Amino acid sequence: MQENPNITPITATAPMSAETHGGRAKCLQRLVRMNLPVPRTVALSFDTVHGIASGHMPDIKAILAQFPEGALLCVRPSSEDPDWGGPGAILNIGMNDARFAGMCETLGEDAASALYARFIEAYALHVARLDPDMFDEITSDGAQALAEALRAYEDEAEEPFPQEPEVQLQQVLRSMARAWEGTTARLLRQAKGAPIDAGLGLVVQEMALGIGNPDARDGETGSGVLQLVNSQTGCRQITGRYLSQSQGRDALSGGAEALYLQRDPRGPSLEEEAPEAFAEIVAIAKRMRRKLRAEMQIEFTIQGGRVHVLDGVRVQRSNRAAVRIAVALAEDRIIPREEALMRVEPRALSELLHRQIDPDAERDVLGRGVAASPGAATGRIVFTSTAAQASAARDEPCILVRRETSPEDIRGMQAAVGVLTERGGMTSHAAVIGRGMGIPCVVGAASMGFHYRKKKLVALDGRVLSEGDFVTIDGASGEVLAGSPPMLEAALDDSFRTLMDWADAVRDIDIRANADTPMDAQTARNFRADGIGLCRTEHMFFETERMIVMREMIFANTPEDRRAALDLLLPMQRADFIELFRIMHGLPVCIRLFDPPLHEFLPTDKAGMRALAEALDLPVSDVERRVESLSEYNPMLGMRGVRLGITLPEIYDMQARAIFEATLAASREGAPVVPEIMMPLVSAKREVELVKARVDAVAAEVRAETGRDFDYRLGVMVETPRAALRAEEIAAHSDFLSFGTNDLTQMTYGLSRDDAGRFMSEYVQQGVFPEDPFHVLDPDGVGELLRIGAERGRLAKPDITLSICGEHGGNPESIAICRDIGFTYVSCSPFRVPVARLAAAQLAIRDKM
């Protein structure tokens with residue numbers, strides 16, 4: 001063994017690491033260093049196992065020489081990260097006819113037969129790769145069943161079952177090594193985040209049998225698993241099972257025969273049957289938690305009353321459990337707070353903020369789309385916003401199903417518990433609004449059949465669902481499910497709040513929220529956002545009474561008529577802003593002036609046009625002509641944003657007045673409010689000059705009328721590549737630049753964010769894009785524009801405030817880019833604020849490591 005350092009007996013001083021021998025081998029070494037009762041074990045390195053797969057077998061006799069003669073062995077996988085998996089363990093290697101005869105004397109025929117038969121079946125299926133049905137006809141027990149298993153193997157393999165332990169071990173090692181390097185196994189572990197060249201180690205361990213002679217009175221014998229926390233909640237709770245006369249992890253599938261660990265009114269327990277062994281195992285678990293600095297699951301065997309620790313693995317945990325476990329370890333001073341923060345995946349926090357489908361629930365999948373807004377919801381299918389509102393009025397949860405949503409669907413989205421669309425991607429209307437509202441949303445589910453006239457939804461397998469049928473959408477996976485699977489409720493407990501407090505103490509970039517309504521603002525405040533980074537004022541106009549006035553303004557033929565209509569909207573807009581300022585008291589609020597094209601406020605069908613004509617007392621033909629005149633070939637690049645504010649300045653005049661009057665009203669109740677006013681879709685310096693002049697004029701009017709002074713900041717939303725390139729001259733007239741990365745990505749790539757979902761997954765799969773650029777900020781193209789814009793903006797104003805306010809603001813990778821450029825803050829949907837807070841904290845911690 002000394003000649004081959006890649007075959008290493010696991011001792012306290014043996015040279016090994018998780019990077020060379022895998023996490024299981026390294027954990028076993030730590031257990032050995034703790035003087036725990038670990039059976040003798042040999043570790044094979046990644047290089048050795050790779051060599052085995054290539055046909056270079058190590059010295060098998062040298063491995064066997066490490067164990068007592070006649071010992072039965074077990075081989076387990078040892079990947080660098082246990083989550084990457086590996087081949088299943090093979091137990092009882094070395095069992096043969098001669099060993100069986102000897103064990104019949106010591107353990108009894110039934111126990112010896114069970115050990116031998118178990119090995120034959122595992123060897124046949126996982127090593128010899130024989131037909132799994134070959135053992136189905138064996139119905140007898142004991143020695144008779146063993147004899148039938150041996151005959152079945154010989155018939156299927158056309159050779160006797162191998163008797164030499166050296167041959168058995170060699171074939172097991174070869175099978176496990178080749179299984180790891182197979183295509184299927186590689187793809188599975190890559191899906192879990194493993195690199196393509198991830199290595200596998202193997203550990204060869206002496207068996208502590210867990211099976212003995214039931215007639216002998218030499219103490220309890222069996223096997224089990226134990227952990228100190230609940231895997232779903234993370235709460236302190238001894239969980240697991242124990243099964244007498246068993247091996248490996250049999251206890252977990254032992255059914256009614258398996259014992260509870262602690263005393264339990266539901267049945268017998270190990271604590272009652274073998275109190276000393278139980279106490280020893282619990283004490284070992286507590287030592288492992290403190291020494292290994294993690295919650296561990298122990299696989300143990302009791303042999304004649306004596307405890308053996310076979311393995312220790314990190315407890316499998318839900319995302320909500322991961323938070324509680326990390327916080328508890330830090331509060332118990334086992335790990336520092338910074339490490340606790342690093343142990344929680346930021347995206348995992350979304351699970352705590354929303355209802356989720358129980359991970360143990362069966363999933364009847366109807367179809368799949370883009371997971372656009374996290375959480376899960378069950379409701380009856382409805383196909384119109386009107387039907388959604390009617391359903392909500394009856395207190396019946398519904399899922400709003402649309403081809404794609406538009407601003408007219410806002411009320412329906414508010415009434416629904418979830419949204420499913422045929423079209424769209426991560427930054428489509430439904431996705432953005434869904435995340436802002438905190439409702440689950442699946443978009444781009446074009447593989448399903450959407451039949452709106454018939455009010456039918458057709459699943460991938462051809463099943464037809466009608467309006468009123470129950471479905472469930474999972475906004476985390478993008479799946480659409482039949483029926484009503486069991487749910488887990490949101491869990492914003494003390495551990496979550498503690499973790500967020502620790503994150504805020506170390507992060508060095510502000511996290512604001514995109515909030516369009518007082519309800520959004522309250523959510524942002526509850527999630528401890530550092531202010532509002534984007535208030536999209538147009539969303540305030542979609543209430544029914546406001547929509548009518550807005551349409552009157554659109555149909556006005558003169559500036560005077562437009563002002564008259566806008567004067568009706570002024571008090572409504574002012575009231576909204578006052579409420580925002582009150583909710584966000586003491587925190588900055590950035591209000592974007594009106595952005596969307598006017599046609600979005602007009603009906604698109606005949607029925608809607610007739611209703612509008614009646615409301616405005618106009619001929620239907622006039623309404624149709626006006627709708628047609630406002631239609632555009634590419635409205636997202638047409639008459640919207642600052643272009644609308646320059647050609648129809650009365651709109652921005654009204655909004656500026658509403659902001660300033662609200663500022664004065666809210667300032668009476670506390671510290672002065674300093675609103676931030678943002679111009680959308682700017683591409684030229686002159687646009688900024690024109691709008692700034694009018695806003696400043698309105699400010700002067702309000703000051704003169706009220707006799708009170710106030711401050712405000714005026715900035716630009718950088719959404720066009722030209723604005724980023726000309727940032728130096730634009731910044732000269734601005735207090736801040738906020739990069740709207742949704743539109744900036746769309747214009748940089750020449751992609752429609754509403755249509756890219758049709759082909760984006762294929763593009764990512766084929767490596768055209770590493771990620772969906774509407775989901776993860778493109779560092780090379782869009783990111784370069786951000787850097788250019790920041791550098792040039794600072795040339796004009798070194799202290800100018802820089803930020804992003806697109807949906808990328810809640811993405812950890814995107815936050816890293818913004819922080820690297822030196823942005824002051826990022827802004828994202830309210831329900832993504834906790835994710836961003838944790839991601840920002842982790843970036844700050846990494847910089848100090």
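Which exposed residues does the face of α23 turned away from its buried side carry? In this predicted model, that face carries Arg625 and Glu628, both of them exposed.

**Helix α23**
- Helix α23 spans residues 620-630, and within it Val623, Val627 and Leu630 are buried.
- An α-helix has 3.6 residues a turn, so residues three or four places apart point the same way.
- The partners against which the buried residues of α23 pack are α20 (544-555) and α22 (606-616).

**Packing of α25 with α26**
- Helix α25 (residues 649-667) packs with helix α26 (residues 685-706) at an angle of about 45 degrees, their axes being 9 Å apart, which means that α25 is oblique to α26.
- The crossing of these two helices, α25 and α26, is right-handed.
- On the α25 side the contact includes Tyr652, Ala656, Phe660 and Leu664, while the α26 side contributes, among others, Val691, Val695, Val698 and Val702.
- Sorted by class, the contact of α25 with α26 has ten nonpolar, one polar and six charged residues.

**Glutamate 299**
- Glutamate 299 is placed in strand β8, which covers residues 296-303, and it counts as buried because its relative accessibility is 4%, where the cut-off for buried is under 20%.
- Leaving aside residues up to four places away in sequence, glutamate 299 touches Arg76, Gly224, Val225, Gly248, Arg249, His308, Val309, Leu310 and Asp311.

Conventions. Residues numbered from 1 in each chain as written. Predicted model: local features only at pLDDT ≥ 70, side-chain atom pairs only at ≥ 80, totals over all residues. Heavy atoms only, no water. Buried < 20%, exposed > 50% of the residue type's maximum accessible area, 1.4 Å probe, protein only. Helix = DSSP H or I, 4+ residues; strand = E, 2+ residues; numbered from the N terminus. Contact = heavy atoms within 4.5 Å. Axes fitted to C-alpha atoms, helices over the stretch in contact; angles between N-to-C directions. Parallel < 35°, antiparallel > 145°, perpendicular 65-115°, else oblique. Left-handed = near helix turned anticlockwise from the far one by under 90°. Nonpolar A, V, L, I, M, F, W, Y, C, P; charged D, E, K, R; others polar.
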